[in-house]
Amino acid sequence: MTSLSAKTALFLAFFITLVLLLGGIRAEMLEKIVNLPKSIGVWTRPDSARIIDSSNIFQYMNGAGELYLSYNFDHLEVYEYTTTNQQDSILVEVYVMDTSNDAFGLFSIDWGGEPIEIHSSPSMRSNPTVAPPARALYGGGLLRLWADTIYARVMVYPDTPESKRAVLSLGRKIAAGRKMPAEPELLKFLPKTIGSNWKLRKDRIGYFRSHLVLNSLYYLSHQNILNLDHSTEAVTAPYENISNAESAKSVQLLFIEYASAKKAKKGLDQFHSAYLHEHQHGRDPSVIENHMNFFNIEDGWLGYWLNDTYLSVVFECPNRASAQTIINHISRNAVCKEKDYGK
């Protein structure tokens with residue numbers, strides 16, 4: 001019995017040592033994701049970053065952690081630069097995501113601010129984009145940037161010319177040497193114009209995977225009625241009415257790509273049951289074909305189209321004709337894109 005206990009104790013000691021060693025290696029690797037200077041101007045940071053992951057993110061930011069976990073989040077590195085008199089500080093948050101699309105998604109939640117050039121060789125600026133081409137935005141002492149798989153926030157208070165220079169310098173150091181991948185391919189399914197009446201609001205495009213993020217962009221329900229998860233890619237944006245013939249009110253377009261046709265069908269079924277519970281599938285006289293429907297509800301006409309893994313929905317249309325025009329355009333555009341991508 002004594003020998004067995006000794007072996008057990010040795011095994012536990014070895015296991016604990018291994019866990020601590022691996023944890024230390026991971027922490028060391030995580031801190032090497034960004035290499036920020038020890039000092040910037042009159043501001044100085046501690047020797048190491050504070051590492052936040054899914055296990056302690058709510059201790060760091062309470063309920064706001066849901067936003068980052070709604071994307072494919074790996075970890076967060078936090079640096080705080082302070083001055084000797086402690087009167088102001090610069091907080092640096094570097095969110096390391098699993099993909100560049102996830103980093104873009106966080107960046108796309110808010111397009112407000114002054115566009116800032118943070119890359120030394122902005123070669124991609126000649127390539128057309130659907131969303132605004134900015135990779136960094138600054139306003140009120142806050143710099144937000146997207147650099148490959150990194151989304152970063154650099155904040156200072158008060159906002160002075162000197163502190164702004166320091167913040168922008170840190171932003172450029174975060175982005176230095178990182179790739180500049182294109183925006184998510186899904187955005188290409190959003191046409192810039194639809195007919196002669198509707199124009200995309202580029203500065204309101206939002207890319208997401210979770211209903212929690214969707215609700216911050218365009219509220220539908222506190223529940224996950226569209227069957228969204230981390231395998232889903234989705235984009236939403238308003239289209240403005242640029243004609244004089246109808247109301248100037250905009251409509252909201254939602255386009256989703258699911259991981260499988262089964263998930264897409266489940267998403268549509270859940271959406272219909274929750275959002276259109278007063279309307280039966282195929283019962284409305286405006287049905288054009290299977291999986292394309294139009295409904296007159298309280299806030300205007302709604303239309304949707306389902307094809308394989310794609311689901312598109314348009315909200316708040318002024319009439320049935322406009323809903324049909326938009327959905328028909330999106331469906332044709334999606335079929336063409338599908339052929340281009342060799343699906």
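Why does Arg209 count as buried? Arg209 counts as buried because its relative accessibility is 7%, buried meaning under 20% relative accessible area, exposed over 50% and partly exposed in between, with a 1.4 Å probe and protein chains only. The model is predicted, so local features need pLDDT of at least 70 and side-chain atom pairs count only at pLDDT 80 or more, while totals for chains, interfaces and linings use all residues. Residues are numbered from 1 along each chain as its sequence is written, and side-chain values use heavy atoms, with hydrogens and water left out.

**Overall composition**

- The protein has 8 helices and 17 strands; helices (H or I, at least four residues) and strands (E, at least two) are DSSP runs, numbered from the N terminus.
- Of the 343 residues in the protein, 46% are buried.
- The accessible surface of the protein is about 17,000 Å², and carbon and sulfur atoms account for 53% of that surface; the areas come from the Shrake-Rupley method with a 1.4 Å probe, and for residues only the protein chains shown count as cover.
- Among contacts (heavy atoms within 4.5 Å) between residues at least 6 apart in sequence, 65% join residues at least 24 apart.

- Strand β4 (residues 73–82) is largely enclosed by the rest of the structure, because 7 of its 10 residues are buried.
- Strand β5 (residues 89–97) is mostly covered, with 7 of its 9 residues buried.
- β4 and β5 pair in the antiparallel sense over 9 bridges; two strands pair if DSSP finds at least two bridges between them.
- Phe73 has Met97 in β5 as its bridge partner, and His75 has Val96 in β5.
- The hairpin of β4 and β5 has 6 residues between the strands, and Gln86 takes a positive phi near 60° there.
- Strand β3 (residues 50–52) runs antiparallel to β4 and is joined to it by 3 bridges; Ile52 stands opposite Leu76 in β4.
- β5 also pairs with strand β9 (residues 150–157), in the antiparallel sense over 8 bridges; Val94 has Ala152 in β9 as its bridge partner.

**Arg144, a buried charge**

- Arg144 is found in strand β8 (residues 142–147).
- Arg144 is buried yet has no salt bridge, and the nearest side chain of opposite charge, Asp110, is 4.8 Å away; Lys and Arg count as positive and Asp and Glu as negative, while His and the chain ends are not counted.
- A salt bridge requires a side-chain nitrogen of Lys or Arg within 4 Å of a carboxyl oxygen of Asp or Glu.
- The side chains of Arg144 and Tyr151 are joined by a polar contact of 3.0 Å. A polar contact is a pair of N or O atoms within 3.5 Å; within protein, one must be able to donate a hydrogen and the other to accept it, and residues adjacent in sequence count only if both atoms are side-chain atoms.
- Not counting residues up to four places away in sequence, Arg144 touches several residues, among them Leu106, Phe107, Asp110, Arg135, Tyr151 and Ala152.

**Helix α4 and the Arg209 pair**

- Helix α4 (residues 100–108) is mostly covered, with 9 of its 9 residues buried; the buried residues include Asp102, Leu106 and Phe107.
- Arg209 and Asp102 meet through their side chains in a salt bridge (2.7 Å, N to O). This pair links distant parts of the chain, 107 residues apart: Arg209 is in the loop between β12 (206–208) and α6 (211–217), and Asp102 is in helix α4.
- Asp102 counts as buried because its relative accessibility is 0%.

**Other salt bridges and helix α5**

- The whole structure holds 10 salt bridges.
- Lys164 and Glu114 form a salt bridge between their side chains (3.4 Å, N to O). The pair links distant parts of the chain, 50 residues apart, with Lys164 in helix α5 and Glu114 in strand β6 (residues 114–115).
- Lys164 counts as partly exposed at 26% relative accessibility, and Glu114 counts as partly exposed at 40%.
- Glu316 and Lys249 form a salt bridge between their side chains (3.2 Å, N to O). Here the residues are 67 apart, Glu316 in strand β17 (residues 310–317) and Lys249 in the loop between β13 (233–241) and β14 (251–257).
- Lys249 is partly exposed, with a relative accessible area of 43%.
- Arg201, Asp203 and Glu240 are linked in a network of salt bridges.
- Ser169 lies in helix α5 (residues 161–175) and counts as partly exposed at 22% relative accessibility.
- Ser169 and Gly41 are 128 residues apart in sequence and 9.9 Å apart in space, C-alpha to C-alpha.
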